[in-house]
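Dear colleague,

Please find below the structure that I am handing over to you. A short account of the findings comes after it.

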Amino acid sequence: MESKTIAPIVISIVAIIIAVAALNASYKTTPVPQVTPTAVGFDNKTPIPTTHNSLTLDQIAGIQPGLGTVMMEYGNRFYIMYYAAKSGNWELAQYQMKEALEIQEVGETTRTGRAANLKTFEASYLEPLNATLNAKDWNTFQAAYNKTIDGCNGCHTLNQFPYITYTLPSSPPNIP
Ligand code: HEC
């Protein structure tokens with residue numbers, strides 16, 4: 001009776017010991033490269049293991065959204081914002097503005113060379129436009145919106161992209 005109950009316990013303990021040993025061994029066979037600060041900053045060339053593959057800091061930085069990606073999102077949000085405001089869905093329009101400001105910050109971080117222009121644009125156009133959204137006033141919104149789009153395209157010309165002209169699509173999107 002006693003030996004029958006002890007045997008499974010012994011087997012479980014042995015199994016646990018083997019599992020722990022195997023786990024230790026697997027950690028030992030895959031050493032984690034160390035990313036060490038150097039005199040000029042962090043080592044950005046050492047591959048760092050991630051869930052899928054190993055990436056260097058340079059590679060991680062290289063795949064962050066650049067201004068083109070930020071702008072595609074801008075275009076979409078300004079499209080939805082306009083028609084949301086037009087249909088009286090001010091909360092949705094305000095939401096689009098909030099998200100547009102957030103993606104703009106991504107652009108300021110990943111493309112620091114454009115940060116000053118983006119900040120000026122925010123102060124000159126986005127803040128006044130935001131005020132009309134908070135006031136929920138269609139006429140002042142529409143006027144400020146048109147000015148903002150001129151500001152968008154002004155910045156494109158200023159940055160040697162005169163052929164990028166944002167135009168509001170004439171039919172409303174499928175509002176979420
Ligand atoms: C700080 C200057 C600046 C402002 C302000 C700006 N843009 Fe841009 N935009 C750019 C630049 C620069 C590009 C070219 C993308 C690149 O550099 O990769 C661009 C590209 C674009 C593109 C093309 C993206 C593509 O790859 O197909 C769209 C659409 C766009 N912008 C929309 C807008 C809208 C809408 C606004 C205003 C709400 C706006 N932009 C405001 C600088 C700006």
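Predicted model: local features only at pLDDT ≥ 70, side-chain atom pairs only at ≥ 80, totals over all residues.

Residues are numbered from 1 along each chain as its sequence is written, and side-chain values use heavy atoms, with hydrogens and water left out.

The protein has six helices and four strands (DSSP runs of H or I, at least four residues, and of E, at least two, numbered from the N terminus). Their order from the N terminus is α-β-β-β-β-α-α-α-α-α.

The ligand has 17 residues around it, of which M71, M72, C152, C155 and H156 come nearest (a residue is near if one of its heavy atoms lies within 4 Å). A side-chain N or O atom of H156 is 2.8 Å from a nitrogen atom of the ligand. At G68, a backbone N or O atom lies 3.3 Å from a ligand oxygen atom. The elements that give two or more residues to this shell are α3 (67-86), α5 (115-135) and α6 (138-158). Helix α3 gives the most, with six residues.

Q96 belongs to helix α4 (residues 90-110). Q96 counts as buried because its relative accessibility is 3% (buried means under 20% relative accessible area, with a 1.4 Å probe and protein chains only). Beyond its neighbours within four places in sequence, Q96 is in contact (heavy atoms within 4.5 Å) with R77, I80 and M81.

With kind regards

Notes: Buried < 20%, exposed > 50% of the residue type's maximum accessible area, 1.4 Å probe, protein only. Polar contact = N/O pair within 3.5 Å; in protein donor to acceptor, adjacent residues only side chain to side chain.
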